[in-house]
Amino acid sequence: MSKRHDVPFFNYSVLFKAREDEYMEVLHDVLSRGAYILQSDLEDFEKNLADFLGVKHVLGVADGTNALKLALLATGIGVKNEVIIPAHTYVASAASVHYVGATPVLVECQHDHLIDPVAVRQAVTEDTRAIMPVQLNGRTANMDVLCEIAEEYDLVIIEDSAQALGSRFKGRSAGSFGVAGTFSFYPAKLLGCFGDGGAVITNNDEIAENIFLLRDHGRNKDGEVVAWGTNCRLDNVQAAILNFKLKTYEQDIARRREIAAMYQEGLTDVDQLVLPPGPNDDQVHFDVYQNYEIEVDCRDELKDYLKEYGIGTIIQFGGKAVHQYPLGFEDVSLPFTEQLYKRALLLPMHTALSNNDVGYVIERIRGFYRI
Ligand SMILES: *Cc1c(COP(=O)(O)O)cnc(C)c1O
């Protein structure tokens with residue numbers, strides 16, 4: 001038996017201290033150059049991220065929510081348009097649709113917790129303009145099926161890939177399947193900065209140009225105002241930190257996949273649990289495990305029990321699907337998603353976990369079931 005010890009759900013200070021000297025060097029360099037807004041570190045980061053993801057354009061923006069809003073605006077989605085999104089997502093996905101004047105249409109997810117293509121097809125109406133798959137928990141949906149539906153009904157795809165940087169489906173990066181994809185660099189995200197940050201990616205020159213203008217007061221490369229815009233920039237200090245962290249990002253992903261494999265190996269025989277797909281379950285998905293979301297019957301009891309033993313878990317999105325907030329979805333009923341929200345639990349998943357931590361979590365979960 002491992003000794004009782006604390007395994008917090010996330011650990012900002014340990015993650016900072018692990019590379020404190022290097023972070024301080026990056027900060028010192030940027031600050032002493034006085035390079036705060038739209039400077040070379042942002043350009044470098046955008047270029048490096050574009051190379052990493054295999055896309056033409058990356059545009060750093062203020063955060064993941066604004067990334068979605070700008071992607072929708074740049075695509076011309078607005079009043080009278082419907083956008084189909086899964087109800088199992090962060091409220092920000094739906095809010096971004098709402099704030100461009102369009103209507104979010106919420107649908108079910110399927111067994112891997114990602115948008116259900118059958119439900120998408122059923123939700124298409126004359127007013128549908130876009131599908132917004134949410135690449136949740138670090139997994140990319142089966143984009144073959146979704147792209148087929150989009151083509152059939154002449155819809156655009158905008159991926160909310162806030163949780164899936166570096167995740168792939170059939171070798172292609174999350175965020176790169178539709179007209180635009182978005183990322184969040186919120187501190188607890190896969191690639192986190194020291195505050196808010198986000199990006200839009202696209203292979204479409206016109207959309208990239210639109211977002212370039214939108215994020216900086218409609219100003220073109222010469223600084224002239226040529227369109228309506230707003231202020232929605234990724235600041236250069238955060239970009240420098242992100243650029244630095246990107247260099248070792250593949251190791252971070254490898255570690256997350258290793259932890260997922262340990263959970264799978266240690267918990268697969270516990271009949272009371274439903275585990276997420278494992279890292280080597282199939283050839284088409286490359287999952288990066290932003291989260292490790294299990295399903296369990298006595299969820300709240302297990303959560304309390306683990307807390308007693310110092311283990312932090314989280315019920316994603318405050319335990320409510322988007323249609324369960326008081327936001328005007330009273331008539332929407334999504335039984336599969338509602339059932340999932342009674343059962344879903346996130347286990348600790350981050351790069352500061354030791355093998356011993358993971359082993360301890362597994363041991364305590366087995367202890368709860370007396371196995
Ligand atoms: C984090 C997140 C967002 C929003 O990102 P912010 O940077 O916090 O604005 C949007 N969608 C999903 C699925 C997320 O997890």
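1. Let's start with the shell around the ligand: its residues divide into 4 nonpolar, 7 polar and 3 charged. Here Ala, Val, Leu, Ile, Met, Phe, Trp, Tyr, Cys and Pro count as nonpolar, Asp, Glu, Lys and Arg as charged, and the others, Gly among them, as polar.

2. Keep in mind that this is a predicted model, where local features need pLDDT of at least 70 and side-chain atom pairs pLDDT 80 or more, while totals for chains, interfaces and linings use all residues. Residues are numbered from 1 along each chain, and side-chain values use heavy atoms, with hydrogens and water left out.

3. Who comes nearest? Of the 14 residues around the ligand, it's Gly 64, Thr 65, Asp 160, Ser 184 and Lys 189 (a residue is near if one of its heavy atoms lies within 4 Å).

4. Now look at the ligand's oxygen atoms. One is 2.5 Å from a side-chain N or O atom of Thr 65, and for the side chain of Ser 184 there is such a pair at 2.7 Å. Gly 64 uses a backbone N or O atom, 2.7 Å from a ligand oxygen. The protein covers 93% of the 380 Å² of accessible area that the ligand has on its own (Shrake-Rupley method, 1.4 Å probe).

Key: A polar contact is a pair of N or O atoms within 3.5 Å; within protein, one must be able to donate a hydrogen and the other to accept it, and residues adjacent in sequence count only if both atoms are side-chain atoms.
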